[in-house]
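Visitor: I have not looked at this structure before. Could you take me through some of its features?

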Amino acid sequence: MTTPFTPRHWSSRFAFLMAAVGSAVGLGNVWRFPYLAGENGGGAFILIYAATTLAIALPILISEIMLGRMGKQSPINAMKTLVRENKAARIWLLIGWGGIIGAFIVLSYYSVIGGWALKYIELALTGAFAGDTEAAAAEHFASFVSDAGSLVIWQTIFLALTILIVAAGVTGGIERAVVMLMPLLFILLAAMAVYATTMPGFGEAMLFMFAFDFSEVTPDTVLAAIGQGFFSVSIALGAMMTYGAYLDEDVSIGQSAVFIAVLDTVVALLAGIAIFPLVFSYGLEPSSGPGLTFITLPIAFGTIGGGVLIGGAFFVLLSVAAVTSAISLLEPIVAWVEEGTNIARKWLAIFIGVLAWVAGLGTVFSFNLWAEFHPMARFGVMEKMTLFDVLDFTTANLIMPIVGLMIALFAGWVLTGPQVAEALHAGDKPWFRLWRFALRYIAPFGVVSIFVANVLM
Ligand code: PHE
């Protein structure tokens with residue numbers, strides 16, 4: 001079969017790994033992980049997070065990349081092929097559809113938050129945080145998000161960057177961007193973490209992150225950790241499946257997935273190591289929630305020597321992390337439409353990007369014009385949530401667990417042992433047996449429990 005579109009194929013294993021790590025490392029690591037750890041008591045949360053990521057998220061990550069490489073197309077079409085070849089029930093097509101719909105929704109709100117990160121580069125570099133008190137920083141943030149026009153501008157810039165990269169193609173765009181941006185991100189992060197070791201609050205921060213106090217662990221802590229693991233390694237939204245579809249047969253998926261998950265966790269930890277010493281050195285609150293990055297840190301940046309540069313570097317890092325994740329959300333959708341039309345990728349990237357932009361307005365308005373609008377209230381569920389909260393909640397707590405569960409079941413129970421052993425070139429190695437056990441038993445049990453607990457609570 002000839003492909004009607006530009007070739008979609010990683011030119012090296014390194015390119016694939018950088019793209020996949022770029023997808024995994026995102027707002028989830030630098031913004032969400034530290035504040036969740038802060039809210040959930042630090043060390044114990046981090047330990048549970050590491051354990052559940054290893055036992056649940058990693059096996060699903062391996063499966064998702066594998067399904068992509070077996071189906072060799074975008075998630076929807078890859079699943080069509082796999083369902084047909086295996087004479088499986090059509091319900092499994094939901095893995096593709098759920099992933100694509102989820103990716104679109106996440107892209108729509110991710111671009112808005114990514115826009116904040118870009119805006120904060122400007123604020124940091126122009127010295128806007130100088131002398132900020134807690135109240136002043138909170139006021140800065142509140143006045144920024146209450147201005148819909150300004151949020152739209154930064155959302156637009158963020159999406160335009162994302163579209164530009166995806167429009168240029170897999171090798172010409174995504175690959176070129178990630179092999180440049182990911183090393184930059186690691187350098188910035190390592191520099192910030194090293195700098196943090198010189199801060200007076202470093203010791204306290206380490207105790208906070210690595211002292212395991214299980215007295216504060218509740219079922220909620222475990223659920224938050226599992227959910228964060230899913231989001232953070234980018235499973236269940238078709239991103240990894242799509243990247244797997246572009247992967248050469250001779251690259252080891254098991255090794256790659258371990259590399260991706262380990263690096264993702266290391267980045268989250270380094271982000272914590274960079275952030276918490278600042279927080280403790282200035283006597284700020286580690287458990288200040290989503291505002292940790294946009295309110296608490298600016299106070300520190302406004303006070304320390306060289307804060308303009310350090311703050312600027314931090315928000316560049318956050319923006320880079322966000323863009324390389326956003327491209328992995330746009331790519332699966334573009335790839336899917338590309339497979340069904342003759343329209344050039346460039347136009348598809350723009351068209352789908354604009355749709356995500358329009359959908360993203362709902363998130364923009366959730367912070368201002370529609371701040372009092374609670375879309376689900378009349379149904380008696382998610383009553384206090386804004387539209388943004390509803391989108392975030394339904395993707396992270398409904399779509400992602402369901403699609404993740406289906407991936408585990410499909411790869412673990414529908415595909416046969418010999419079939420997956422061949423797809424992974426695993427023979428009968430011990431890690432393969434361990435993986436299959438985790439996939440068939442531990443992951444479904446874990447996911448069903450997040451799910452049940454979330455529905456019940
Ligand atoms: N892993 C990304 C983050 O941590 C988010 C993401 C999820 C990206 C799923 C793509 C697919 O921010």
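Visitor: Is Glu-331 buried or exposed?
Guide: This is a predicted model, and the answer is computed from it. Glu-331 has a relative accessible area of 0%. Buried means under 20%, so Glu-331 is buried.

Visitor: Which residue forms a salt bridge with Glu-331?
Guide: The closest N and O atoms of the pair are 2.8 Å apart, and a salt bridge requires a distance within 4 Å. Glu-331 lies in helix α14, and its partner, 14 residues apart from it, lies in helix α15.

Visitor: Which residues are joined with Glu-331 and Arg-345 into one network?
Guide: The network is made by salt bridges that share partners. Besides Glu-331 and Arg-345, it takes in Arg-8, Glu-338 and Glu-339.

Visitor: How many residues apart are Lys-72 and Glu-249?
Guide: The side chains of Lys-72 and Glu-249 meet in a salt bridge, at 3.5 Å from N to O. Lys-72 is in the loop between α3 and α4, while Glu-249 is in the loop between α11 and α12. The pair therefore links distant parts of the chain, with Lys-72 partly exposed at 47% and Glu-249 partly exposed at 39%. Their separation is 177 residues.

Visitor: Is Asp-428 buried or exposed?
Guide: Asp-428 forms a salt bridge with Arg-433, with the closest N and O atoms 3.4 Å apart. Its relative accessibility is 53%. The cut-off for exposed is over 50%, so Asp-428 counts as exposed.

Visitor: What is the volume of the largest pocket?
Guide: The largest pocket is lined by 34 residues, and Arg-32, Tyr-35, Leu-36, Asp-392 and Asn-397 lie nearest its centre. Elements that give two or more residues to this lining include α2, α16 and α18. By class, the lining has 21 nonpolar, eight polar and five charged residues. The volume of the largest pocket is about 790 Å³.

Visitor: How many charged residues are in the lining of the largest cavity?
Guide: The largest cavity has a volume of about 150 Å³. Its lining has 17 residues, with Ser-23, Tyr-110, Phe-231, Ser-234 and Ser-325 nearest the centre. Nine of the lining residues are nonpolar and eight are polar. The number of charged residues is none.

Visitor: What is the area of the nonpolar surface patch that includes Ile-343?
Guide: Ile-343 is found in the loop between α14 and α15. Patch residues need over 30% relative accessible area, and Ile-343 is partly exposed at 44%. The patch is made by Ile-343, Trp-347, Ile-350, Val-354 and Val-358. Its area is about 460 Å².

Key
Residues numbered from 1 in each chain as written. Predicted model: local features only at pLDDT ≥ 70, side-chain atom pairs only at ≥ 80, totals over all residues. Heavy atoms only, no water. 1 Å grid on protein atoms, 1.4 Å probe; cavity = no way out; pocket = protein on both sides within 12 Å on 5 of 7 lines; lining within 4 Å. Points joined across faces, edges and corners; volume = space filled by probe spheres on them. Nonpolar A, V, L, I, M, F, W, Y, C, P; charged D, E, K, R; others polar. Patch = residues over 30% accessible without salt bridge, like charges linked within 9 Å, V, L, I, M, F, W, Y side chains within 5 Å. Areas by Shrake-Rupley, 256 points an atom, 1.4 Å probe, with all protein chains shown as cover. Helix = DSSP H or I, 4+ residues; strand = E, 2+ residues; numbered from the N terminus. Buried < 20%, exposed > 50% of the residue type's maximum accessible area, 1.4 Å probe, protein only.
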